[in-house]
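The following exercises are to be worked through with the sequence and the model side by side. Each task is followed by a solution in steps.

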Amino acid sequence: MPSFYCAWFVFNTCTGEGARAVPLAGHVGFDSMPDQLVNKSVNHGFCFNILCVGETGLGKSTLMDTLFNTKFEGEPTQHNQPGVQLKSNTYELQESNVRLKLTVVNTVGFGDQINKEDSYKSIVEFIDTQFEAYLQEELKIKRTLHSYHDTRIHACLYFIAPTGHSLKSLDLVTMKKLDSKVNIIPIIAKSDAISKSELTKFKIKITSELVSNGVQIYQFPTDDETVAEINSTMNGHLPFAVVGSTEEVKIGNKMVKARQYPWGTVQVENENHCDFVKLREMLIRVNMEDLREQTHTRHYELYRRCKLEEMGFKDTDPDCKPFSLQETYEAKRNEFMGDLQKKEEEMRQMFVQRVKEKEAELKEAEKELHEKFDRLKKLHQDEKKKLEDKKKSLDDELNGFKQKKTAAELLQSQAQQAGGSTTLKRDKERKK
Amino acid sequence: MSSGVRSMVSMMTNLEGYVGFANLPNQVYRKSVKRGFEFTLMVVGESGLGKSTLINSLFLTDLYSKDYPGPSLRIKKTVQVEQSKVLVKEGGVQLTLTIVDTPGFGDAVDNSNCWQPVINYIDSKCEDFLNAESRVNRRLMPDNRVHCCLYFIAPSGHGLKPLDIEFMKRLHDKVNVIPLIAKADTLTPEECQLFKKQIMKEIQEHKIQIYEFPDIEDDEDSKLIRKIKERMPLAVVGSNVVIEVNGKKVRGRQYPWGVAEVENGEHCDFTVLRNMLIRTHMQDLKDVTNNVHYENYRSRKLAAVTCNGGVDTSKTKNQMTRSPLAQMEEERREHVMKMKKMETEMEQVFEMKVKEKKQKLKDSEAELERRHEQMKKNLEAQYKELEEKKRHHEEEKSNWEAQQRILEQQKLDASKTMEKNKKKGKIF
């Protein structure tokens with residue numbers, strides 16, 4: 001089905017620049033082209049994805065059931081969710097010969113936390129994820145766009161609590177974050193709690209708050225004459241005040257969807273009671289295709305542009321030769337590889353540097369060590385010399401002493417001999 | 001986030017009550033009319049086969065007139081590719097029609113590669129589209145890709161010429177090729193039948209894939225389509241001239257023996273061609289061009305690029321199903337991991353080397369310490385020895401000195417005694 005978007009930029013009127021108008025001499029038959037296109041699209045089937053954002057208990061699921069005349073699955077959720085989660089379900093519906101793959105995404109736990117600052121984040125993330133999936137498919141080398149199941153959100157119904165006063169700050173913050181990503185259709189939920197006069201004031205207040213906060217909600221298109229009038233009227237009724245109900249009540253001789261109170265019955269499809277019919281008209285019967293188109297040509301393109309720019313892609317000057325994807329990929333890739341190599345080189349250099357530094361450090365340490373030991377060695381040498389000197393002096397003394405001793409002994413022995421000989425002589429003489 | 005596709009069985013029949021999305025087709029219709037349509041038709045064939053006339057007959061207009069002479073009236077030396085753009089309106093529907101003509105095709109003596117300009121043209125239109133589609137800021141640009149190529153076969157009655165086969169073989173995977181037998185009013189019905197059979201046989205032999213008019217989901221139409229398929233290739237006659245036949249104004253060719261009516265199904269297949277080409281399958285031709293031929297071109301072009309410019313037909317299936325951006329991401333991640341690994345490795349090596357060096361230094365220090373200690377000890381020992389020696393010597397000396405003193409004393413005493421004795425007169 002995106003095959004009709006293949007030449008998406010052909011969404012502008014083909015005025016055929018450079019084409020001259022020629023008259024036809026008869027019926028050629030190309031006026032069947034719209035039918036050919038329609039037949040193909042009917043055969044292919046349609047798909048539509050709605051996101052319902054709103055606090056727990058505002059009747060999102062009930063409204064979906066009522067809009068699509070069916071009972072979608074799901075238990076009513078509790079209020080104790082830790083964060084905002086998104087639950088999506090896909091259904092295949094058929095009405096006459098038209099098949100529709102409808103995906104309803106519900107925000108679970110929205111508005112239930114004490115700190116709601118991050119509430120919008122999971123919603124934005126979800127929307128972006130769908131864009132990303134499409135983008136990835138579109139960028140593949142072998143792609144199958146025409147059979148791709150488009151999961152991008154085409155419409156976001158934002159459920160406003162029927163306080164009757166004004167928008168909550170959570171509402172403003174969330175819608176502001178979403179308005180550039182998805183078509184926002186704000187609706188006043190459970191509006192059977194508001195009286196008619198209060199409702200008018202409420203709607204005015206909401207609209208003015210949206211405007212003053214710069215929130216861009218979806219405007220029903222007024223460029224096609226066939227629907228311009230109804231669309232512009234409906235634009236004035238925004239936000240739609242809706243009531244949902246799958247219960248049927250007998251009114252007159254018909255069974256109608258309604259909510260029964262002791263004081264009366266609110267009929268869902270009664271335009272005096274609520275704007276349900278308007279919503280259904282606008283959302284489904286008149287502008288479903290436009291919602292899809294806007295998602296593709298505006299919101300998705302914005303996402304794509306931002307994503308590509310983030311990755312560093314950019315178009316060359318539009319005035320000179322046209323941008324070539326191949327060249328850019330090539331250039332990107334080279335740049336990228338060059339980058340990586342540079343990083344590698346840097347890391348190596350850093351290591352080399354560190355090694356050098358460490359080596360120098362260690363060399364210093366080594367030098368110091370050697371110096372230290374050199375000093376010690378010198379000290380040692382000095383000590384040794386001193387020792388040598390002492391030794392020498394001792395030796396000298398020893399020698400001196402020895403000489404003295406020897407000399408003295410010699411003398412003694414001489415003296416003794418002399419004395420001895422004298423004694424001997426005397427003794428000898430005595431004996432005579 | 002849970003997700004699942006549930007088929008509501010009760011929903012496959014009509015919904016209870018009105019929802020309104022059955023109006024979607026009308027919405028699509030409305031938007032498409034507002035947008036307008038465009039179609040590019042290429043005609044290829046030798047000169048004189050009535051290409052321009054056929055176009056005029058098909059679109060009931062004078063595409064080539066006095067002010068805009070057709071290529072056939074101009075003499076071409078080489079194969080040209082020329083386009084004319086016209087805007088036609090009918091029943092509120094606007095169509096921008098581009099006719100691409102190829103004058104000079106097959107007219108030369110040596111026609112080798114005369115298909116190349118045609119291929120180049122088709123590829124360049126695909127490239128333009130690819131570039132426009134690939135821009136970051138995508139702008140509005142018309143779809144100028146060639147949606148259909150009518151190939152004119154000369155009515156020889158025998159079979160396809162080598163040039164016909166060659167051309168169709170080269171073009172069948174780039175564009176929707178519809179072969180036509182031109183100037184079919186030179187063939188009798190039987191000759192035409194045989195000719196068609198022969199042509200189809202040769203087409204199948206050479207595995208040429210011509211455009212198959214697919215079945216449209218409508219019982220009566222599909223029967224019609226099957227019948228039509230048996231008439232392929234379509235034998236056509238064109239005419240710019242309107243002649244009166246039996247009170248009716250018809251387009252035809254006047255001969256002395258009668259009028260060959262263009263729009264008479266028994267005379268030729270022109271009506272079939274017109275119905276198929278314009279009234280029932282124009283959108284399909286565009287879709288096949290977009291979904292098949294263009295995608296083939298694109299994937300070939302991009303596969304070549306992501307392989308560093310080199311043509312690599314051996315891309316792994318994995319890589320083909322990933323977008324180049326994703327692939328770059330993958331490469332980036334791989335590289336980051338590689339770098340991390342390299343970093344840790346280098347760290348390890350570094351640490352180890354440092355440890356080694358430090359250890360060595362430590363060892364060296366220890367060694368030096370040890371040696372120093374030893375020397376010190378040695379020295380101390382020597383000192384001790386010296387001290388010992390000295391002490392010993394001192395002792396000896398003092399002993400000896402003491403002894404000497406005693407001896408001296410003795411001597412002194414002895415000499416004293418002798419003196420005494422001498423004095424006493426003991427001397428004889």
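**Exercise 1: Overview of chain A**

Chain A has 9 helices and 10 strands, where helices (H or I, at least four residues) and strands (E, at least two) are DSSP runs numbered from the N terminus. This is a predicted model, in which local features need pLDDT of at least 70 and side-chain atom pairs count only at pLDDT 80 or more, whereas totals for chains, interfaces and linings use all residues. Residues are numbered from 1 along each chain as its sequence is written, chains are lettered from A and ligands numbered from 1 in the order in which they are written, and side-chain values use heavy atoms, with hydrogens and water left out.

Task: State what share of chain A counts as buried, and what share of its contacts is between residues 24 or more positions apart.

Solution. 
1. Buried means under 20% relative accessible area, exposed over 50%, and partly exposed in between (1.4 Å probe, protein chains only). By this criterion, 48% of the 432 residues of chain A count as buried.
2. A contact means heavy atoms within 4.5 Å. Among the contacts in chain A with a separation of 6 or more, 69% are between residues 24 or more positions apart.

**Exercise 2: Aromatic pairs**

Task: Determine how F110(A) and Y158(A) are arranged as an aromatic pair.

Solution. 
1. Rings of Phe, Tyr and Trp (its six-membered ring) pair if their centres lie within 6.5 Å; planes under 30 degrees apart count as stacked, over 60 as edge-to-face and the rest as tilted. Over all chains, the whole structure holds 16 aromatic pairs.
2. The pair of F110(A) and Y158(A) is edge-to-face, with 6.3 Å centre to centre and 90° between the planes.
3. F110(A) lies in the loop between strand 4 (98-108) and helix 3 (119-139) of chain A, and Y158(A) in strand 5 (residues 155-160), so the pair ties together parts that are 48 residues apart in sequence.
4. F110(A) is buried at a relative accessible area of 0%, and Y158(A) is buried at 0%.

Task: Explain why the pair of Y134(A) and Y148(A) is classed as it is, and place it in its surroundings.

Solution. 
1. The ring centres of Y134(A) and Y148(A) are 5.4 Å apart and the planes lie at 75°, so the pair is edge-to-face.
2. Y134(A) is in helix 3 of chain A and Y148(A) in the loop between helix 3 and strand 5, 14 residues apart.
3. Y134(A) counts as buried at 2% relative accessibility, as does Y148(A) at 16%.
4. Ring pairs link F131(A), Y134(A), Y148(A), Y300(A) and Y303(A) into a cluster.
5. R152(A) lies over the face of Y134(A), 3.6 Å from the ring centre. A charge sits over a ring if NZ of Lys or CZ of Arg is within 6 Å of the ring centre and within 35 degrees of the ring normal.

**Exercise 3: Chain B and confidence**

Task: Identify where confidence is lowest and where it is highest in chain B.

Solution. 
1. pLDDT is the predictor's confidence in each residue, from 0 to 100. Chain B averages 82, and 85% of the residues score at least 70.
2. Confidence in chain B is lowest in strand 1 (residues 5-7), at a mean of 45, and highest in strand 5 (residues 148-153), at 94.
3. Residues 1-15 of chain B have a pLDDT below 50. Where pLDDT is low, the predicted coordinates should not be read in detail.
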